[in-house]
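The following note sets out points for a colleague reviewing the model.

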Amino acid sequence: MTNQARHKIIELTQEIRDHQFKYYVLDAPTITDAQFDALLKELQALEAKHPELLEPDSPSLGVGGGFSTTFDQHDHIAKMMSLDNVFDEEELTTWFDRVEKESAHPEYLCELKVDGLAINLLYENGQLTRALTRGNGTTGEDVTLNVKTIKGLPHALSGKKIPALIEVRGEVFFPVAAFNQLNEELEEAGKQLFANPRNSAAGSLRQKDPRVTATRPLDVVVHGIGASEGISFDSQSDAYAQLKELGLPTSNRFKVCKSRKEVLAYIENYNIHRHDVEHEIDGVVIKVNNIAEQKKLGFTSRAPKWAIAFKYPPEEVTTKLLDIKVSVGRTGRVTPFAFMEPVKVAGSTVTNATLHNQEEIERKGVLIGDTVIIRKAGDVIPEVLGPVLDKRTGKERAFVMPTKCPECGSVLCAITEGDVDIRCPNTQSCPAQLRERIYYIGSRAALDIDVLGYEAAVALLNDKIIKDESDIFSLTEAKLMKSSFFTKKDGEKGKNLEKLIDALEEAKTRPLWRTIVALSIRHVGPTAAQALANTLGSMEAISKASVETLSEIDGLGDVIAQSVVEWFDVQWHRNIIEQWSKAGVVMVNQKAEDVPQTLSGLTFVVTGGLTGFTRDSIAETITAHGGKPSSSVSKKTDYVLVGTDPGSKLAKAQELGVTVIDEARFLELLVGK
């Protein structure tokens, strides 16, 4: 009877801890409070009846919310090997020759080399019991609680045949789109940016508080097996098929190749399309597919002989740093940037690269005149990584942050004590801030006004057609005819003139949260703007709200609340609202009951280009009609809306059996058909 009670206590303890983790860390409980209380009472009753079985860390003795990661070290059951690298076709040919001496006409499995953080996942009797970093290959750090916050990773395996034990190797990564969004939010808040997605993944996974990790949209893909019991594989591709059946996130981008020619074609394809992938990659991994042939080829002391990593050329180059200049942003932030000798990197020629702030320049040790290393991945703004020290001549000089605004001459200052950013306080009339604010109003991030780009913003201000953003919606054909930007050489109105007038009318109908974003309130990006619009409902209510009221809104906090109140305390700011309101700009949040909730409870993922919607407007439409837009496909996705040139999300939907619809069917759902 005691053994039976012991097993039941262990079972209840694990179940209760899992539910506590979902409640306190993931904020996603799967049972009611009453059901949880019933489990806890059952455990307490058993422990009262068998006090000798009461453990000092029993959930019956604590409050349940104290989850923290201590990074204890543990050994991997099977060593985590590294991979040898090759960097060109000649080196790869040498590897092919070695392999094919031992194994005639092998199949090769090619997969992308994810630039993330290696992880070892231990499942025992189907339960995820431990997650370790690679460490030194023999011993890694325990990051189990943090890994359990990754939404795409199962805590328990599924399928008909669950192995008694399996070590699954994979890579934790930060999706590129989510990384760019995170850095935009950090920059908006004046915080230090992550250098790249890999660093952000590592930093997110190494948080002591797993609740912080849970706020980061980490993902994982598995690509290997360590120790195992109760499961066997004939080939690498068979292993991936079985891992997929167990519910693990495998890649759908691997390919089994029959020849060297097919391998080279795979490598070349992803060299061209490396920035079309949802995560960063730095090469391709080629493995002998057959497991028996893998065993025959064996290992060196550090790496398998049956696998190799073909590394793509680094997207880093060196060039001369000619000068460090500063730019003034729409909120007055003064940002240093590198002015360099033109250099081609990642397919484009660059002359400027961000340096963020004075502290960042000092941290990187960059001097004017240095030869510097530049990195640019895809569409990401190029960044100076650091100097090449052995190229220094002694003629280099340190950058000194200016004390006055280069545009208006105002004395620069830190807005708040301890702020690393220096700002121009002349917010109303600094030419640089005005240009950037007008340009931002027209951007897709704000009101998405066609024609109102940077050149148009400069023309409107230089030709004195507007004095500031309050005049934007009072523009008329007669006013625009005064600028050569909007007229032809013969003085007749140009096509941009009519386009802008039409676009301004359309922009007046944008949702309230977009109007809030367009005001360039410091720290208020799309997330905070939506929280303000949804909670308070009108611009008037927002303008009258106190710091206390605003700080209680979910997603805001004291800093944003203070910033909003300070913005509305300025008379010329309030004048913008008054002028826009008179012009007919929407100043109230459209109530949900005014829009038919035809998509209520449905989750949509969109992939490819749509004819009737932009990326932003389709998300707004789904939300307005009660649905939920999502960036990743899962079993919980109801529909994947496919446009032209869809990405990997279509394959994922087909793989999971998620319903795929086109734009015509979406429009039918929108009207309730």
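Predicted model: local features only at pLDDT ≥ 70, side-chain atom pairs only at ≥ 80, totals over all residues.

**Notes on side-chain interactions and burial**

1. Glu668 has a relative accessible area of 35% and is therefore partly exposed. Its salt-bridge partner is Arg665, with the closest N and O atoms 3.0 Å apart. Arg665 is likewise partly exposed, at 29% relative accessibility. Both Glu668 and Arg665 belong to helix 24 (residues 663-670), where they are 3 residues apart, about one turn of the helix.

2. How many salt bridges does the count come to? The count comes to 27 salt bridges. One of them is formed by the side chains of Arg260 and Asp97, at 2.8 Å from N to O. Arg260 is partly exposed at 24% relative accessibility, and Asp97 is partly exposed at 38%.

3. The salt bridge between Glu506 and Arg510 has its closest N and O atoms 3.6 Å apart. Arg510 has a relative accessible area of 14%; because buried means under 20%, Arg510 falls in the buried class.

4. The structure holds 13 aromatic pairs. Among them is the pair of Trp567 and Phe568, which is edge-to-face, with 5.0 Å centre to centre and 80° between the planes. Trp567 is buried at 7% relative accessible area, and Phe568 is buried at 6%.

5. Why does the pair of Phe604 and Tyr639 count as stacked? The ring centres of Phe604 and Tyr639 are 5.4 Å apart and the planes meet at 20°; planes under 30 degrees apart count as stacked, so the pair is assigned to that class. This pair links distant parts of the chain, since Phe604 is in strand 18 (residues 603-607) and Tyr639 is in strand 20 (residues 639-642), 35 residues apart. Phe604 is buried at 1% relative accessibility, and Tyr639 is buried at 19%.

6. Other ring interactions deserve mention. Trp95, Phe96 and Tyr108 make up one aromatic cluster. Lys325 lies over the face of Phe339, 4.3 Å from the ring centre. The charged end of Arg330 is placed over the ring of Tyr440, at 3.5 Å from its centre.

7. Helix 8 (residues 236-245) has Gln236, Ser237, Ala239, Tyr240 and Leu243 buried. Viewed down the helix axis, the buried residues of helix 8 fall within an arc of 155°, so they line one face of the helix. Their cover includes strand 3 (108-114), strand 7 (165-173), strand 8 (219-229) and helix 10 (291-297). Just after helix 8, Gly247 adopts a positive phi of about 95°.

8. Thr371 lies in strand 15 (residues 371-375) and is buried, with a relative accessible area of 14%. Leaving aside residues up to four places away in sequence, Thr371 touches Thr318, Thr319, Lys320, Gly386, Pro387, Val388 and Lys391. The C-alpha atoms of Thr371 and Gln35 are separated by 64 Å, and these residues are 336 residues apart along the chain.

Definitions and conventions: Residues numbered from 1 in each chain as written. Heavy atoms only, no water. Phe/Tyr/Trp six-rings, centres within 6.5 Å; stacked < 30°, edge-to-face > 60°. Buried < 20%, exposed > 50% of the residue type's maximum accessible area, 1.4 Å probe, protein only. Helix = DSSP H or I, 4+ residues; strand = E, 2+ residues; numbered from the N terminus. Lys NZ or Arg CZ within 6 Å of the ring centre and 35° of its normal. Arc of directions from axis to C-beta. Contact = heavy atoms within 4.5 Å. Salt bridge = Lys/Arg side-chain N within 4 Å of Asp/Glu carboxyl O.
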